[in-house]
Amino acid sequence: MTMQSISTEDRVVIFDTTLRDGEQCPGASMTLEEKLQVAELLDHMGVDVIEAGFPVASDGDFAAVREIARRARSAVICGLARADIPDIDRCAEAIEPAKRGRIHTFIATSPLHIKHKLRMEPHEVLEAVTASVRHARSYTDDVEWSCEDGTRSEIDFLCRCVEAAILAGATTINIPDTVGYATPDEYRRLFETVRSRVPNSDRAVFSVHCHDDLGLAVANSLAGIAGGARQVECTINGIGERAGNASLEEVVMAIRTRCDAMPYVTGIESTMLMHASQLVSAVTSFPVQYNKAIVGRNAFAHESGIHQDGMLKNAQTYEIMTPESVGVSKSTLVMGKHSGRRAFREKLKELGYTFDEGTLEESFRLFKDLADRKKVVKDSEIEAVVAMATFSA
Ligand code: KIV
Ligand code: ZN
């Protein structure tokens with residue numbers, strides 16, 4: 001895997017919304033203290049923008065955004081606001097202590113949302129875009145505008161809204177796939193089309209925000225980058241509304257591991273990914289699925305004899321990134337019914353045993369017998385098997 005030369009234009013901004021979109025999913029609410037802990041870690045690991053909450057939603061959200069803004073060291077601290085003056089005022093007050101603060105204001109642009117949810121006319125939406133962005137700009141020169149349900153919006157209307165938002169002062173334009181409906185190819189083309197059709201598009205950074213309803217959030221995010229987006233909105237462990245958002249650790253490691261195919265960089269210290277995953281899982285009480293990419297407990301675990309044999313000869317046979325690169329101390333060879341002699345022998349060595357071939361063979365036979373009845377054989381059980389083999393020898 002060769003590293004191509006990467007220009008600053010290929011720097012992808014990581015916008016973490018664990019504390020806003022992530023916290024919005026049922027059962028994931030966090031206390032102020034927990035949010036401060038998560039924000040500190042995100043800041044430390046190189047997240048560029050932390051969306052710390054939705055200040056108008058509750059006094060608790062307001063207090064959390066304000067305290068995170070006060071404590072942040074290098075990340076931009078962002079608050080979410082609808083396209084309403086009181087929302088934006090409250091958001092501005094919350095981010096006020098930040099060294100660098102951002103207001104993220106949004107309104108839906110799809111016919112479905114405009115008609116049934118907002119009950120507005122399209123021209124009223126367009127006016128609200130200009131008024132909301134302009135108002136947000138009166139507080140900060142870092143304003144992000146999002147077209148909710150962007151991927152189901154009519155392209156002409158979407159382009160007019162994006163142009164109006166940039167004209168009113170938006171510096172980041174986020175086109176969310178709010179309902180996780182887009183395919184990677186469509187999403188990439190959407191960015192290409194909007195960027196080429198909107199005359200002032202070169203004055204803003206474009207951003208992806210993908211939901212995982214069809215399991216495509218990470219693929220869509222990467223496709224959006226290929227289409228010219230340079231900010232990714234994502235969450236630790238992929239938590240978020242319904243099926244969740246694009247997972248930060250997957251986006252970061254996909255870019256890093258496949259930089260030959262995706263020549264971009266992020267500022268994330270990847271060795272902190274496992275710690276971030278465990279912290280978010282602990283504070284939300286959301287378990288991480290065992291086979292979750294990058295941070296699942298099986299992500300660097302091998303059980304089958306063929307794989308264990310390959311791993312013992314050269315880890316690259318079955319691992320495309322090192323466990324250390326994501327903060328896992330080492331790969332594990334799980335001892336189970338699929339394990340072979342080679343891994344068993346290594347396990348005995350690791351446990352401090354040296355044997356003649358006969359005892360080893362008997363130990364292996366007893367181990368296989370036990371493994372057939374159990375999912376995983378623990379070290380203590382291997383020690384018991386060895387004791388039995390030694391006794392019968
Ligand atoms: O999914 C979405 O559309 C959002 C916006 C508020 C950015 O979360
Ligand atoms: Zn969202």
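Buried means under 20% relative accessible area, exposed over 50%, and partly exposed in between, with a 1.4 Å probe and protein chains only. Helices (H or I, at least four residues) and strands (E, at least two) are DSSP runs, numbered from the N terminus.

This is a predicted model: local features need pLDDT of at least 70, side-chain atom pairs count only at pLDDT 80 or more, and totals for chains, interfaces and linings use all residues. Residues are numbered from 1 along each chain as its sequence is written, chains are lettered from A and ligands numbered from 1 in the order in which they are written, and side-chain values use heavy atoms, leaving out hydrogens and water.

Start with strand β7. It is mostly covered, with 5 of its 6 residues buried. β7 belongs to a closed barrel of 8 strands, which runs β1-β2-β3-β4-β5-β6-β7-β8 with parallel pairing. Neighbouring strands of this sheet are turned by 25° against each other on average, direction ignored. Axes here are lines fitted to C-alpha atoms, for helices over the stretch in contact, and angles run from 0 to 180 degrees between N-to-C directions.

Two strands pair if DSSP finds at least two bridges between them.

| Strand pair | Bridges | A bridge partner pair |
|---|---|---|
| β1 (residues 13–16) and β2 | 2 bridges | Phe15 and Val49 |
| β2 and β3 | 4 bridges | Gly53 and Gly79 |
| β4 (residues 101–108) and β5 (residues 143–148) | 6 bridges | His104 and Glu144 |
| β6 (residues 172–177) and β7 | 6 bridges | Ile173 and Phe206 |

Strand β2 is mostly covered too: 5 of its 5 residues are buried. Helix α3 (residues 59–71) lies across β2 (49–53) and β3 (76–82). The helix runs at about 150° to β2. Contact means heavy atoms within 4.5 Å.

Asp21 lies in helix α1 (residues 18–22) and His209 in strand β7 (residues 205–210), so the pair ties together parts that are 188 residues apart in sequence. Asp21 is buried, and His209 is buried as well.

## Cysteines

A disulfide is a pair of cysteine sulfur atoms within 2.5 Å. By this rule, the count is 0 disulfides. Cys91 is in none; its nearest cysteine sulfur, that of Cys78, is 6.7 Å away. Cys91 is buried, at a relative accessible area of 0%.

## Helix α12

Helix α12 (residues 305–313) has a buried side and an exposed one. Gln308, Gly310 and Met311 are buried. They cover an arc of only 160° around the axis, which puts them on the same side of α12. The arc is that of the directions from the helix axis to the C-beta atoms. On the other side of α12, Ile306 and Lys313 are exposed.

What covers the buried residues of α12? The cover includes β9 (301–302), β10 (332–333) and α13 (341–350). An α-helix has 3.6 residues a turn, so residues three or four places apart point the same way.

## Positive phi

Two residues with positive phi deserve a look in the backbone. Arg119 is not a glycine, yet has a positive phi of about 50°. Arg119 sits in the loop between α5 (111–118) and α6 (122–137). Arg119 is exposed, with a relative accessible area of 70%.

Asp149 is not a glycine either, and has a positive phi of about 60°. The loop that holds Asp149 runs between β5 and α7 (155–167). Is Asp149 buried or exposed? Asp149 is buried, with a relative accessible area of 0%.
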